[in-house]
Amino acid sequence: MTTMSSAEPTRRDFLYIATGAVGAVGAAAAAWPLIDQMNPDASTIAAGAPIEVDLAPIAAGQVIKVFWRGKPIFVSHRTPKEIEEARKVDWHTLPDPQSDQSRVKGGHDQWLVLVGICTHLGCIPLAHQGDYDGWFCPCHGSQYDTSGRIRRGPAPLNLPLPPYEFTSATKIRIG
Amino acid sequence: MSAHSTYQPQSKFMKWMEARLPIAGLVHSSFVAYPTPRNLNYWWTFGGILSVMLMIQIITGVVLVMHYTPHVDLAFTSVESIMRDVNYGWLLRYVHANGASMFFLAVYIHIFRGLYYGSYKEPREVLWILGVIIFLLMIAAGFMGYVLPWGQMSFWAATVITNLFSAIPVVGDPIVSWLWGGYSVGNPTLNRFFSLHYLLPFVILGVVVLHVWALHVVGQNNPTGVEPKSKQDTVPFTPYATVKDGFMIVCFFIVYAWFVFYLPNYLGHPDNYIPANPQVTPTHIVPEWYYLPFYAILRAIPSKLGGVIMLVAAIAILAFAPWLDTSKVRSATYRPLYRQFFWIFVVVSVGLGWLGSKPAEGGYVIAARILTAWYFIHFLVILPLLGLLEKPKPLPASISEAVLGKDKAGAKARG
């Protein structure tokens with residue numbers, strides 16, 4: 001065999017490689033169901049349908065918590081003071097630079113809707129706490145401002161915004 | 001292993017058996033006739049203790065599963081019913097929960113013993129790496145077991161630890177969703193953790209078999225770090241090591257029983273007796289004591305991804321110790337400088353554990369950063385440099401000489 005190593009590839013070489021390749025594809029195809037079964041199942045996805053939230057009972061300065069896809073969603077009815085605090089800071093200098101205007105829907109500046117999960121390691125921040133009058137995470141001390149933007153602590157990003165829209169002046173649909 | 005086999009089957013049945021499956025001979029050569037260095041001290045008994053702890057965890061675990069229900073609505077109450085209704089359920093659960101702590105206590109002593117006496121050095125690198133793998137599997141098994149009672153600490157530990165994976169760029173979030181089986185920690189998460197918590201101890205058992213196999217190929221290290229050279233340097237495993245291990249296991253059980261019967265919840269957190277609530281995070285989240293040094297390292301780094309990388313690196317770096325340590329001398333007994341740095345390293349590790357239990361603010365963070373830096377400097381700078389700079393003390397010619405003194409060992413060898 002060694003004398004033949006420099007010769008043309010034989011039909012047998014081709015068969016070895018082709019068999020090996022088909023076997024690898026087959027093994028990967030067999031492994032996929034075993035891996036994919038761990039992803040969210042059909043009922044979990046179905047239960048993640050959009051939800052409606054009535055904003056009328058939420059007083060100015062109040063933050064309510066609703067659940068969507070097992071995640072807490074903060075709906076904050078901001079006071080003019082809180083809006084002003086969020087807007088007077090030069091947002092270009094923040095750790096995750098975003099303007100307050102880009103985090104609310106135009107014309108609904110008092111309504112801030114956030115996914116209430118600390119972007120560090122997933123704890124739920126506490127409202128109206130910390131040095132920025134926004135949210136404070138009790139786990140590792142991340143502090144968010146009245147726009148839900150990270151201002152200090154280990155969290156890398158601002159509190160994310162869930163997909164939502166206003167269906168009327170006092171109603172939103174999240175999802 | 002078979003090289004030491006002196007097993008002679010006596011009965012007719014054992015002769016018949018030995019010709020077909022020589023298991024009695026294997027046990028005899030591995031745990032009876034197996035030569036152990038005659039100078040082993042009590043720090044060498046923790047391997048035996050760990051084997052016993054693994055068996056206790058498997059036995060109590062299998063029994064607990066007969067009464068536990070892995071469902072978010074039922075898990076907490078099923079654990080409470082184990083505590084209140086099941087005959088001796090309180091005992092089985094406390095033995096299992098405190099057993100985890102004792103398991104880690106023993107493994108930390110076992111690891112520090114290996115670091116002190118240079119047990120990771122050639123030819124024991126593979127033995128050592130298998131040990132690091134067992135330690136990693138223990139961490140995973142311990143974490144998933146802690147989630148099962150589905151109390152507040154269980155739920156938030158699951159949330160925080162799975163979120164570590166979200167630090168991975170690009171694929172982080174899909175991986176976390178895959179781990180959860182949903183959009184947050186929930187019933188699918190609890191179910192798979194239960195499945196894996198049941199599986200992992202048997203995986204550990206398999207790696208332990210490899211660990212013991214590798215040990216019996218290269219032989220045990222000993223307090224002098226000098227390999228046995230003659231028959232005089234060793235004694236048979238039974239009765240010498242079995243009795244010594246047995247005595248130490250009893251001593252260890254006294255401490256274990258003290259926790260089980262008098263302080264069963266001392267090492268746990270009261271918050272875990274509150275059912276899991278996805279709406280409220282406990283005000284002060286800390287992991288179990290045995291993860292605290294690594295938790296302190298995670299929090300010391302002011303970047304999410306960086307913290308996760310350092311956390312993993314802190315464990316992985318152990319596997320590289322055989323190549324980072326450049327000294328040819330194994331035992332710290334003959335390494336005056338290394339011995340001092342070893343104890344500094346012990347203090348740093350315990351200090352990191354203490355800092356991990358403190359809130360991440362002010363001076364605690366600064367201290368954690370200094371100790372984290374030292375942890376890595378120990379492996380990456382001190383271990384390589386010491387081997388080049390340190391002048392070791394003269395090694396004894398043999399184990400017998402170290403034990404008996406030069407004249408006696410010489411006389412015995414002649415006589």
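The following legends describe views of a predicted model.

**View 1. Secondary structure of chain A.** Chain A contains 10 strands together with 3 helices. Read from the N terminus, the order of its elements is α-α-β-β-β-α-β-β-β-β-β-β-β.

**View 2. Overall dimensions of chain A.** Along the principal axes, the C-alpha atoms of chain A occupy a box of roughly 85 × 40 × 30 Å. The radius of gyration of chain A is 26 Å, whereas a compact globule of 175 residues would have a value near 16 Å.

**View 3. Burial, contacts and surface of chain A.** Of the 175 residues in chain A, 37% are buried. Among contacts in chain A with a separation of 6 or more, 52% join residues 24 or more positions apart. The accessible surface of chain A amounts to about 9,400 Å², and carbon and sulfur atoms contribute 61% of this area.

**View 4. Charged side chains of chain A.** Chain A carries 17 negative and 16 positive side chains. The centres of these two sets are 1 Å apart.

View 5. Helix α4(B) spans residues 75-84 and is mostly covered, with 7 of its 10 residues buried. The buried positions include A75(B), F76(B), V79(B), I82(B) and M83(B); S78(B) and E80(B) are also buried. Among the elements of chain B that cover the buried residues of α4(B) are α3 (46-65), α5 (89-116) and α9 (187-218).

Methods
Residues are numbered from 1 along each chain as its sequence is written. Chains are lettered from A and ligands numbered from 1 in the order in which they are written. This is a predicted model: local features need pLDDT of at least 70, side-chain atom pairs count only at pLDDT 80 or more; totals for chains, interfaces and linings use all residues. Side-chain values use heavy atoms; hydrogens and water are left out. Helices (H or I, at least four residues) and strands (E, at least two) are DSSP runs, numbered from the N terminus. The radius of gyration is taken over C-alpha atoms; the globule rule is 2.2 Å times the number of residues to the power 0.38. Buried means under 20% relative accessible area, exposed over 50%, partly exposed in between (1.4 Å probe, protein chains only). Contact means heavy atoms within 4.5 Å. Accessible areas come from the Shrake-Rupley method with a 1.4 Å probe; for residues, only the protein chains shown count as cover. Lys and Arg count as positive and Asp and Glu as negative; His and the chain ends are not counted. The place of a charge is taken as NZ of Lys, CZ of Arg, CG of Asp or CD of Glu.
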